[in-house]
Amino acid sequence: MKHIYIFALAFTIFTASCAPKTPNPNDQIFVAVQQTIAAIPTYTPYPPRPIATLVPLDGLFCEYQFCIGHPADMAFFDVSAQRDPTAPSTTSQGILAAYNANSLFIQMLWQNAPGTQDSQFMLDLILDNQVDSRNGNLDPLLVGNLTVLFVPITTTATPVLPYGGAAAWTCGGRAFAWKTYTSQPELAKNLLNEALQKFRCEN
């Protein structure tokens with residue numbers, strides 16, 4: 001299984017190198033997912049605990065003029081910089097991804113969107129239609145002073161993490177999107193809510 005992931009990763013990187021100079025967010029997201037999946041251990045995971053519906057988000061990521069909560073045992077890496085060291089993420093646009101030893105995957109992207117109030121287009125950017133499927137209706141949430149659009153998803157990106165969710169919102173002239181792959185369907189919305197309790201952005 002690991003050899004398949006490594007081959008897929010190598011093929012993705014090779015084809016990405018032939019892509020046009022204009023960055024395609026969907027290509028960057030696909031690369032991030034493949035890199036993360038390739039790094040997840042291939043041993044058979046322990047069965048998930050049936051009531052593990054909340055992961056403590058004690059960490060705080062603060063960069064690119066925004067902050068967001070995350071599990072303390074995971075660190076975001078800059079997908080844009082990994083793909084092209086001369087074009088890292090900036091405050092104007094960027095892509096981050098992270099995973100931890102418990103096989104939790106989180107991805108985040110943002111871009112300038114002055115005057116935009118409807119963030120739904122960001123869901124189309126962060127969801128990969130090759131592996132992600134919406135698994136319910138769009139759910140508007142109010143988290144603090146943020147109006148957030150959330151949708152549960154299923155994914156075939158990896159059999160270890162078949163569930164998840166995606167969300168989008170606007171803040172300070174930028175549009176944000178967040179996605180997670182999880183082992184249990186109940187985790188995604190709880191993770192989002194806890195992450196956004198610590199969210200803030202600067203103009």
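**A tour of the salt bridges**

Start by selecting Lys179: at 0% relative accessibility, this residue counts as buried. The model is predicted. Side chains of opposite charge can pair when their charged atoms come close. Here the tour visits three salt bridges.

**Stop one: Lys179 and Asp132**

Color the two strands next. Lys179 sits in strand E10 (residues 174-182) and Asp132 in strand E6, so the bridge ties together parts that lie 47 residues apart in sequence. Now check the partner's surroundings. Asp132 has 8% relative accessibility and counts as buried, because the cut-off is under 20%.

**Stop two: Arg134 and Asp124**

Stay on strand E6, which spans residues 132-134, and select Arg134. Asp124 belongs to helix H4 (residues 120-126), and the pair is ten residues apart. Show the surface here. Arg134 is partly exposed, at 39% relative accessible area. Asp124 is exposed, at 52%.

**Stop three: Lys189 and Asp139**

Move to helix H5, residues 187-197, and pick Lys189. Then pick Asp139 in strand E7, residues 139-143. A salt bridge joins their side chains, N to O at 2.6 Å. This pair links distant parts of the chain, 50 residues apart.

Conventions
Residues are numbered from 1 along each chain as its sequence is written. This is a predicted model: local features need pLDDT of at least 70, side-chain atom pairs count only at pLDDT 80 or more; totals for chains, interfaces and linings use all residues. Side-chain values use heavy atoms; hydrogens and water are left out. A salt bridge is a side-chain nitrogen of Lys or Arg within 4 Å of a carboxyl oxygen of Asp or Glu. Helices (H or I, at least four residues) and strands (E, at least two) are DSSP runs, numbered from the N terminus. Buried means under 20% relative accessible area, exposed over 50%, partly exposed in between (1.4 Å probe, protein chains only).
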